[in-house]
Amino acid sequence: MKMSLFQYILILLVPLLAVNLYAAVAEADWLMQATQLIFVTGLAGIYLKLNNNAGFNAILFFIFFFLAQISGFFFDTNGLSLFSLFFYFVAFFGLSREALQHTRMETASKTILVYFFLLISVNTYLLLTHVIELERFMSSELEFDIYIAYYSILLIMGIISLIYYLNSYSKKSIYFVTLVLTFIFSDVFRDSSHFYMKDSAILITGNLLWYIGLISSLLFFLTPERKLRLLNLL
C-alpha cells in the first residue's frame, strides 16, 4: 500500500521527537543533535521519494542544512560556529531562491506598504535587541559577529517571506512564512536556553519549533505554486 506524505512524516517524526525530548530533559546534547541529523536526512529521503524531478534549490537546502547540523555536532553542540554559519547561509539561500522564483511583483496599496514596513521594523528591533543582549555572554568578538550575520540572514529571509506572501497568497507562500517564523523563534529559544538559563522547557519548545520548521520546508518544496482563493485563506 502506497503511503501518503503525512504517513511518511509521522513515521519519521514520532520516534525521533520522543528521543529528542528525552535528550533535552537528560541534557544529552549529542543525542539531541543526532536525532536532528537523522531527521534532516529522513526528510531529504522523503522529498526524493515523492519528487522524481528533484529541484536544485531543495537539494541545496537539504545538503547544506545537514552539513550545518554536522558542523554543530562536531564543533559546537549548542551554539553557532563559523562553519555552521556558512552552511546555513547556503541552505537558506536555496530556500530564498525558491521563494523568489515564484514571486510575481504586483503594485501594493499604501495600507499594505505601511503594514509591510511596520512588520519589518518591529521584527528588526526585536532581533537586534536579542542579539545585543547576547553580546555579554559571548567569549569573543568573532562569535558575536557570527550571530549578527546569522540573524541578519534570518531577517532578510523574513523580508523575502513577506514580499512573497503579499504578492502571492498561495499555500506555498504560507509554508515559507511558517518555516521562516519557526526557524527564527526556534533559534531565539535555543539561545535563551544556552546563554540565559538552562531550562529544559525552553529548549524543548525551541526543538519543537525546529521540527515544525523542517517539516514546513519539506512541504514548501513539494507544494506547487498556485494562488489561493480568498475562501481558502479564511
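Accessible areas here come from the Shrake-Rupley method with a 1.4 Å probe. On that basis, the predicted model exposes about 12600 Å², and carbon and sulfur atoms supply 69% of that surface. Of the protein's 234 residues, 47% count as buried.

Helix 4 covers residues 82-101 and helix 6 covers residues 141-168; the two pack at an angle of about 10°, and their axes sit 10 Å apart. Angles under 35 degrees count as roughly parallel, which is why helix 4 is described as roughly parallel to helix 6. On the helix 4 side, the contact is made by Leu82, Leu85, Tyr88, Phe89, Phe92, Leu95, Ser96, Ala99 and Leu100. Facing them from helix 6 are Ile146, Ala149, Tyr150, Ile153, Leu154, Met157, Ile160 and Tyr164. Sorted by type, the residues of this contact come out as 16 nonpolar and 1 polar, with no charged residue in the set.

Helix 6 also carries serine 161. With a relative accessibility of 4%, serine 161 falls under the 20% cut-off and therefore counts as buried. Setting aside residues up to four places away in sequence, serine 161 touches Phe176, Val177 and Val180.

Then there is aspartate 191, in helix 7, which spans residues 171-196. The relative accessible area of aspartate 191 is 0%, so this residue is buried too. Its side chain is joined to that of arginine 190 by a polar contact of 2.9 Å. Apart from neighbours within four places in sequence, aspartate 191 is in contact with His130, Leu134, Tyr147, Tyr151 and Tyr196. Of these partners, Tyr147 and Tyr151 fall within the residue range of helix 6.

Technical notes. Residues numbered from 1 in each chain as written. Predicted model: local features only at pLDDT ≥ 70, side-chain atom pairs only at ≥ 80, totals over all residues. Heavy atoms only, no water. Axes fitted to C-alpha atoms, helices over the stretch in contact; angles between N-to-C directions. Helix = DSSP H or I, 4+ residues; strand = E, 2+ residues; numbered from the N terminus. Parallel < 35°, antiparallel > 145°, perpendicular 65-115°, else oblique. Contact = heavy atoms within 4.5 Å. Nonpolar A, V, L, I, M, F, W, Y, C, P; charged D, E, K, R; others polar. Buried < 20%, exposed > 50% of the residue type's maximum accessible area, 1.4 Å probe, protein only. Polar contact = N/O pair within 3.5 Å; in protein donor to acceptor, adjacent residues only side chain to side chain.
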